[in-house]
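Here is a short briefing for a first look. Keep the sequence and the 3D view open while you read.

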Amino acid sequence: DRKTIILQSHLDMVHQKNSSTDFDFDSEGIRMIVDEDWVRAEGTTLGADNGIGVAAIMAILSSTDRVHPPIEAMFTIDEETGMTGAKELNPGNFSGEILLNLDTEDDDELSIGCAGGIDTNSDYSYSTEPIREDSMVFRINISGLMGGHSGMDIDKGGGNANKLMNRVLMHIWEAMPVQLLTIDGGGLRNAIPRESTAMVAVRSDFDGQLEMEFGAIAAIIQNEFASIETDLKMNISPDNYAGEAVSQEDAVKILQTVSALHNGVFRMSPNIEGLVETSSSLARVAVSNGSFTTQSLQRSSIENGKKEVATEIRSTLESIGANVVQLGDYPGWQPNPDSEILRLMAGMYRERYSEEPKIKTCHAGLECGILLQHLPEVDMISFGPNIRGAHSPDECVQISSVQKFWSYLEEVLKHIPSVN
């Protein structure tokens with residue numbers, strides 16, 4: 001006699017690993033480690049985002065002694081790389097009146113809204129030139145940044161490996177005659193890049209000055225981030241390279257373009273304290289084999305904000321003649337403060353834990369905005385256990401928090417209201 005509940009989580013995870021970790025996501029299972037009250041993985045992402053939600057739904061479906069209303073389980077694919085599972089949903093498969101999205105990362109929060117997003121990918125074909133005679137090749141490495149979720153962690157003040165590498169290269173470029181050979185920075189579209197590698201060539205009589213200039217800018221950057229990026233590593237070493245260099249004209253275009261691309265918070269919400277309204281994350285920069293490519297993700301809780309920052313990124317890239325493709329556009333989830341399930345769950349939280357839950361909208365791309373387009377009459381809310389470092393190899397989930405989340409979910413299901 002109770003309202004039917006849709007329990008929803010996504011099946012995919014972000015595949016990130018440290019460059020020093022030997023691991024094949026296609027063929028290996030995650031190497032999980034229990035570290036006191038936390039579960040983490042050995043040098044890779046864990047997949048608690050959103051494996052914990054999937055596990056909770058499966059536990060309820062497989063149980064024979066749990067008290068709950070009629071249940072519909074919705075498992076979506078491809079949430080991390082375009083939300084196509086949610087976009088292609090057939091609403092005729094569902095009759096539930098309330099949807100519980102089990103995909104947030106703080107156990108004292110109830111989420112009732114989220115940001116929309118759009119991907120901006122670019123490609124520019126650059127001309128090349130031979131490496132000058134009597135030159136030495138050097139490899140520059142940046143690693144050890146904390147990275148993280150490009151929505152939830154965009155305001156944490158951490159470094160972006162692509163932007164830091166560009167600062168290093170610009171500093172060196174302005175100090176001496178140097179040739180740009182390659183850049184390989186970042187990886188996945190929705191993760192803040194932790195690592196970047198670049199190769200440059202200088203005449204052998206400038207090698208001492210190169211290392212001196214690198215040391216100077218590296219010291220500045222490490223001092224700026226000393227309090228937050230405690231594992232940041234920056235080094236330079238001689239290397240070998242058999243290809244050609246980027247032409248001087250195109251090298252200037254590339255470095256200036258990356259310098260101009262906005263990265264980080266674009267605007268804070270004027271209506272909700274502490275909420276990032278609009279942002280852009282430069283996830284990938286690659287210069288190799290005649291092609292300069294970028295990947296970035298723009299997010300906003302308002303459609304016009306998303307359009308504004310995406311247009312700025314697109315215009316910057318198109319100004320050098322790059323081919324720009326914007327795709328994967330998905331809407332935000334507008335909060336409903338009068339939600340029936342919000343009132344129920346907030347009241348239960350106060351009663352169980354003797355404190356106020358944090359009722360929030362988040363700067364991440366939950367699927368609820370898309371699902372509401374298919375199921376406009378469904379009342380939705382999102383919650384989950386404590387997950388830290390999502391989308392990075394530091395990802396971990398708190399065991400005691402999962403226990404709290406599970407018992408709270410069980411209690412919520414027992415108290416779903418009757419059908420009107």
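**A buried serine, a helix and a sheet**

S247 counts as buried, because its relative accessibility is 8% and the cut-off for buried is under 20%. The model is predicted.

**Around S247**

- S247 sits in the loop between strand 13 (245-246) and helix 5 (248-260).
- The side chains of S247 and S127 are joined by a polar contact of 2.8 Å.
- Beyond its neighbours within four places in sequence, S247 is in contact with S127, T128 and E129.

**Helix 5**

- Helix 5 is built of 13 residues. From first C-alpha to last, helix 5 reaches 18 Å, close to the 18 Å expected at 1.5 Å a residue.
- The buried residues of helix 5 include D250, A251, I254, L255, T257 and V258.
- Viewed down the axis of helix 5, its buried residues fall within an arc of 160°, so they line one face of the helix.

- An open sheet is formed by four strands, in the order 2-3-21-20, with antiparallel pairing.
- Strand 2 (32-35) and strand 20 (387-388) stand at the edges. Each has a single partner strand, so one side of each lacks a neighbour in the sheet.
- Four bridges link strand 2 to strand 3 (residues 38-41) in the antiparallel sense. D35 has W38, in strand 3, as its bridge partner.
- Helix 9 (residues 399-414) lies across strand 2, strand 3 and strand 21 (396-398). Helix 9 runs at about 60° to strand 21.

Methods. Residues are numbered from 1 along each chain as its sequence is written. This is a predicted model: local features need pLDDT of at least 70, side-chain atom pairs count only at pLDDT 80 or more; totals for chains, interfaces and linings use all residues. Side-chain values use heavy atoms; hydrogens and water are left out. Helices (H or I, at least four residues) and strands (E, at least two) are DSSP runs, numbered from the N terminus. Buried means under 20% relative accessible area, exposed over 50%, partly exposed in between (1.4 Å probe, protein chains only). A polar contact is a pair of N or O atoms within 3.5 Å; within protein, one must be able to donate a hydrogen and the other to accept it, and residues adjacent in sequence count only if both atoms are side-chain atoms. Contact means heavy atoms within 4.5 Å. Two strands pair if DSSP finds at least two bridges between them. Axes are lines fitted to C-alpha atoms, for helices over the stretch in contact, and angles run from 0 to 180 degrees between N-to-C directions. The expected span of a helix is 1.5 Å times one less than its number of residues. The arc is that of the directions from the helix axis to the C-beta atoms.
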